[in-house]
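This briefing concerns the arrangement of two protein chains and the contact between them. The structure is shown first, followed by the main points.

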Protein chains: 2
Amino acid sequence: MKKKITIKQLAAELGVSVSTVSKSLHDSPEISKETREKVQAFAKLYNYRPNNIALSLKNKKTKTIGVIIPEVVHHFFAMVVKGVEQVAMERGYNVVISLSNESFEKEVINMETFADSLIGGFIMSLSKETLKKQDYHHIHQTIEEGMPVVLFDRTVPEINCDKVIVNDEQGALLATKHLIDQGKKNILLITTEDYISVGRLRTQGYLKALQEANIPLNNGLIIKTEDTNRSDIILPLLENELRTALKQNPEIDGIFTVNEIYAAAAMRVIREFNLNIPNDISLVCFTDGVISKYATPPLSTVNQHGTQIGIEAANLLIDRLENKIEQPKPITKVVACEIVRRDST
Amino acid sequence: MKKKITIKQLAAELGVSVSTVSKSLHDSPEISKETREKVQAFAKLYNYRPNNIALSLKNKKTKTIGVIIPEVVHHFFAMVVKGVEQVAMERGYNVVISLSNESFEKEVINMETFADSLIGGFIMSLSKETLKKQDYHHIHQTIEEGMPVVLFDRTVPEINCDKVIVNDEQGALLATKHLIDQGKKNILLITTEDYISVGRLRTQGYLKALQEANIPLNNGLIIKTEDTNRSDIILPLLENELRTALKQNPEIDGIFTVNEIYAAAAMRVIREFNLNIPNDISLVCFTDGVISKYATPPLSTVNQHGTQIGIEAANLLIDRLENKIEQPKPITKVVACEIVRRDST
DNA sequence: TATTAACACTACAACGTTTTCGTGAACTTC
DNA sequence: GAAGTTCACGAAAACGTTGTAGTGTTAATA
């Protein structure tokens with residue numbers, strides 16, 4: 001077992017001082033060319049690589065960014081992680097991730113653990129529980145301690161920090177309009193309760209699209225579900241509501257859902273009713289994930305560009321860490337949504 | 001902005017030495033009760049939390065484990081990450097992740113970056129390119145340097161380290177048997193080329209099941225595809241092969257695929273042929289992910305228990321790091337697969 | 001020949017901890 | 001009253017690195 005070698009050991013081996021080795025490795029002109037080359041050759045030979053922990057301690061900063069997300073087995077969040085990792089890698093940073101599991105308490109603990117240690121800044125999306133509780137002390141404290149925080153997707157105006165958001169309202173507007181453009185007039189919306197900011201915004205987009213097209217609002221065509229992790233409990237309830245809605249409103253000719261899971265449930269019920277997608281009912285949903293892509297028929301979706309969000313967030317955070325942003329005030333970047341047309345519309 | 005306070009600052013504030021503060025915080029009996037309490041009160045007041053970097057440097061080890069996976073936007077790997085993160089959290093470790101994107105070069109670079117720094121050990125799954133190249137020098141070197149490595153899922157006998165694997169062969173055997181048990185006799189297999197170890201093992205399981213049931217092998221019923229990331233290119237090709245196979249072998253009454261994507265492609269083609277699932281053709285696939293769960297009909301699958309794999313791997317690695325394993329020889333843990341029965345069979 | 005400059009290198013402090021080894025002062029013990 | 005013991009605390013080294021401030025030797029200058 002070859003343990004890692006330190007500068008001190010190299011120095012001893014070469015019969016020079018530690019400083020000489022350090023300077024040689026940095027190609028300092030203070031050291032003669034011969035010595036430099038000799039040291040570098042030895043370093044290569046022994047496979048010397050600097051100890052980043054010592055460096056971090058010395059420089060009082062680490063090249064590590066912390067990502068706190070509610071869930072990783074989730075297409076959108078995984079995409080964001082992918083984007084973050086990509087730029088982190090390019091810019092020489094490490095990514096440490098931690099999952100809140102949609103729990104407020106875990107989010108707080110994770111944040112404290114990270115802040116205790118090796119993290120230079122955070123990229124995070126709030127857990128549902130945090131949004132519900134509206135308790136953001138842990139984030140305020142972290143910012144107070146001088147760590148930059150970039151919030152994405154699930155953000156909140158009370159927190160004064162950089163943000164990367166998708167234009168949820170516009171995405172929903174596009175999706176609804178897309179249905180209207182196909183001649184659909186009776187569009188059912190499946191969304192979440194309003195405390196989930198993205199659900200609320202998407203609902204707004206839907207309403208706006210109807211308004212712009214002068215389609216009167218029918219509240220019977222809006223289904224709001226409690227948004228928990230327990231899809232096994234929620235979905236049957238949702239499907240029932242949907243059945244009722246379809247029975248009471250046989251004129252429904254389009255459905256827009258705020259996520260893929262709801263769309264999958266809708267597909268199932270539509271099939272039950274022996275209706276055809278897209279002829280009888282067109283279907284669009286938010287999130288361009290695997291469910292939509294591999295469904296039969298493949299679903300038209302609103303692509304949120306998760307990877308792009310991750311990229312923007314990481315660049316924003318690293319720019320802050322490296323003081324590359326003159327602007328002291330928080331910046332909010334908006335990533336546009338885009339309709340992905342497939343066979344369901 | 002309240003910067004984090006250090007022991008030194010606390011000591012100055014209290015008019016005692018650094019040692020006294022450190023000992024007080026650790027409740028050393030060497031320090032008088034009064035002093036201890038005073039120090040602790042101050043520490044709480046100033047929200048003192050030890051600097052983990054300094055600790056790591058002192059102790060020459062970090063409480064961080066590195067996870068290197070080919071892809072995070074992937075149900076199985078995300079599940080594993082979730083499992084790893086869960087036990088890491090419980091046992092006081094951080095998780096830093098890095099994505100190889102199925103690239104050999106990125107895998108090597110990532111590993112070196114990690115090894116340079118804050119990582120105590122690795123949990124990883126090899127990239128497809130690495131498997132193809134059969135070049136494992138980076139892993140051998142890491143192990144040589146004394147860092148424990150736990151390989152999962154995509155492992156290789158040439159690397160002598162702890163492993164956590166799913167019983168791919170047994171899973172495939174179960175799946176094929178499951179079809180046979182439904183009275184199906186002409187079972188099509190969609191798999192990958194043999195250099196992907198899991199593909200090869202699953203093919204073996206399929207063959208074994210046929211053999212055990214005394215069903216003669218028909219090579220026309222095995223489709224092997226190149227397994228790349230470019231599903232947009234692969235899938236149409238695959239679907240074509242599948243159409244040909246179905247035309248040439250109209251007796252096909254069951255399909256087993258080694259992943260969900262292939263199953264989604266199969267569903268599409270089956271629908272094209274106006275065949276019913278499961279009456280005309282039953283369908284089972286590996287990977288119990290969202291596609292199977294939300295497909296219509298929901299697919300029967302082989303659950304690989306990704307989270308469980310992550311849990312086992314993390315416990316194994318941390319046990320090694322903490323010398324809780326007397327056994328110096330590598331350990332291989334096998335996580336059993338399980339058939340999830342749904343409506344496609 | 002004495003002063004200075006350039007060169008090539010070394011010593012040392014610092015980053016924040018922990019821990020071993022002192023060290024005075026008060027108190028026992030015979 | 002001398003010697004030992006306990007108590008409560010402090011000094012300093014160590015982890016690996018960097019950068020500032022020396023230091024000694026040789027060469028150039030006046």
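How many salt bridges does the rule find across the interface of chain A and chain B? The rule finds 6, a salt bridge being a side-chain nitrogen of Lys or Arg within 4 Å of a carboxyl oxygen of Asp or Glu. This is a predicted model, in which local features need pLDDT of at least 70 and side-chain atom pairs count only at pLDDT 80 or more, whereas totals for chains, interfaces and linings use all residues. Residues are numbered from 1 along each chain as its sequence is written, chains are lettered from A in the order in which they are written, and side-chain values use heavy atoms, without hydrogens and water.

**Interface**
- The contact (heavy atoms within 4.5 Å) takes 58 residues from chain A and 58 residues from chain B.
- About 5300 Å² is buried between chain A and chain B, 58% of it on carbon and sulfur atoms; buried area is the accessible area (1.4 Å probe) that two parts lose on being put together, summed over both.
- A:Ile53, A:Asp116 and A:Tyr294 supply 13% of the area that chain A buries against chain B, more than any other three residues.

**Salt bridge**
- A:Glu145 pairs with B:Arg49 in a salt bridge, with 3.6 Å between the closest N and O atoms.
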